[in-house]
Protein chains: 2
Amino acid sequence: MAGAPRNTKQKQAVYEALTCLDHPTATQVYEYVHVGHPTLSRGTVFRVLGGFAANGQVRRVTLEGSDARFDHTLAPHAHGMCRVCGRICDIFLPDYEAIAKDARTDGFEIDGCEVEFTGICKECSEKMRRGAKEEYKEKYDERTQGKQDA
Amino acid sequence: MAGAPRNTKQKQAVYEALTCLDHPTATQVYEYVHVGHPTLSRGTVFRVLGGFAANGQVRRVTLEGSDARFDHTLAPHAHGMCRVCGRICDIFLPDYEAIAKDARTDGFEIDGCEVEFTGICKECSEKMRRGAKEEYKEKYDERTQGKQDA
DNA sequence: CTCTTATTAAGAATAAGTCTTGTTAAGGAG
DNA sequence: CTCCTTAACAAGACTTATTCTTAATAAGAG
């Protein structure tokens, strides 16, 4: 009969990496699995992650100024990117569905929604509060401004 | 004294392209300006667009599965990406600021918000309504699924 | 065990975006 | 007008995430 998808070691390793890492990029997944599976190739990581995303097992998240990231948390939620350290946080909205309410879409039929926040994560704002403001200002500016321009 | 930024022909041409094109990528801007200014280089387009984004003259928008796009509309608004044709539409929300209200941020201090909708644009849904469903189903699937995987 | 076929490893290919270097030109001073 | 300083530029090399190609491998059915 028609070939069914197979649950290979490679797929299991990639999925496990997603549960251990925090919103990793494909490259971060590759580096993680490469330790335990030295022959697992970069191309396989991209292909497997793409497959997971296509069938809804994981979410592919594209954030401003960053490579694609993969999230195994399926419940609807937004993301926050820290302007200082770049970390991605999950942010849950009480009424995610309501965002599109009363939107002036001019005929566009909405069927999905992604929300990205920017700001400063808990750890960085605590560090800033106890000094080191200069250091964080630098990183903030670096991450906030265009990269090529000073 | 210190050199002031200059308003050069190149910058003017790039900005004009943004007003004529609809949410273009940097490459689309380059192709547009290249007609009237054959010597205006790719690097300059990227640098100028980055500069505009850094000082807030334009918005840089990164949407799922697409290169960075540039938007000269400064009023806060969301974007909708058509799953069939890929077009980007502006979508205005009546209360953009309210989105972060009651968000469970766990210490993340929000200072900015981007909203991306997916769906089907007016033109495509009209075309689908008068037949051609097969054709559009194909494009929809192509654009929705991972690219590498079938 | 054997066959079919999905899956993989390896690495070449693509393309967005960045960076470097030598050149040009805007605009102020004389 | 001419000279000088420096922002801005063109050209093209470079980087790197992602995709594609091809030949080899290994699930899983029979």
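Me: To start, a polar contact is a pair of N or O atoms within 3.5 Å. With that cut-off, what does a backbone N or O atom of Leu40(A) lie close enough to count with?

Reply: This is a predicted model. In it, a backbone N or O atom of Leu40(A) is 3.4 Å from a phosphate oxygen of DNA strand C.

Me: And the side chain of Thr44(A), what is it next to?

Reply: A phosphate oxygen of DNA strand C again: a polar side-chain atom of Thr44(A) sits 2.4 Å from one.

Me: What about Gln10(A), which part of DNA strand C does its side chain meet?

Reply: A sugar or linking oxygen, at 3.1 Å from a polar side-chain atom of Gln10(A).

Me: How many residues surround DNA strand C, and which are closest?

Reply: There are 19 of them, and the closest are Arg6(A), Thr8(A), Leu40(A), Thr44(A) and Arg47(A). By class, that surface has six nonpolar, seven polar and six charged residues.

Me: Which helices supply it?

Reply: In chain A, α1 (9–20) and α3 (42–54) each supply at least two residues of the surface near DNA strand C. The largest share is from α3(A), with three residues.

Me: OK, DNA strand D then. Which residues come nearest?

Reply: Asp67(A), Arg6(B), Thr8(B), Thr44(B) and Arg47(B), out of 20 residues around DNA strand D. The class count there is seven nonpolar, seven polar and six charged.

Me: Which elements of chain B supply the surface near DNA strand D?

Reply: α1 (9–20) and α3 (42–54) of chain B, with at least two residues each. The largest share, three residues, comes from α3(B).

Me: Switching topic to the protein–protein side. How many residues of chain B are in contact with chain A?

Reply: 52 residues of chain B, in contact with 53 residues of chain A. About 3,800 Å² is buried between the two chains, and carbon and sulfur atoms give 55% of that area.

Me: How many salt bridges across that interface?

Reply: The rule finds six. One of them joins Arg129(B) to Glu109(A), whose closest N and O atoms are 3.6 Å apart. Polar contacts across the interface come to 15 residue pairs.

Me: Which elements of chain B give two or more residues to that side?

Reply: α3, β1 (59–62), β3 (78–82), β4 (88–91), β5 (109–120) and α4 (122–129) of chain B. β5(B) gives the most, with twelve residues. The residues on that side of chain B divide into 22 nonpolar, 14 polar and 16 charged.

Me: In which sense do the two β5 strands pair, parallel or antiparallel?

Reply: Antiparallel: β5 of chain A (residues 109–120) and β5(B) pair over eleven bridges. In one of these pairings, Ile110(A) has Gly119(B) as its bridge partner.

Notes: Residues are numbered from 1 along each chain as its sequence is written. Chains are lettered from A and ligands numbered from 1 in the order in which they are written. This is a predicted model: local features need pLDDT of at least 70, side-chain atom pairs count only at pLDDT 80 or more; totals for chains, interfaces and linings use all residues. Side-chain values use heavy atoms; hydrogens and water are left out. A residue is near a molecule or strand if one of its heavy atoms lies within 4 Å of it. Helices (H or I, at least four residues) and strands (E, at least two) are DSSP runs, numbered from the N terminus. Ala, Val, Leu, Ile, Met, Phe, Trp, Tyr, Cys and Pro count as nonpolar, Asp, Glu, Lys and Arg as charged, and the others, Gly among them, as polar. A polar contact is a pair of N or O atoms within 3.5 Å; within protein, one must be able to donate a hydrogen and the other to accept it, and residues adjacent in sequence count only if both atoms are side-chain atoms. Contact means heavy atoms within 4.5 Å. Buried area is the accessible area (1.4 Å probe) that two parts lose on being put together, summed over both. A salt bridge is a side-chain nitrogen of Lys or Arg within 4 Å of a carboxyl oxygen of Asp or Glu. Two strands pair if DSSP finds at least two bridges between them.
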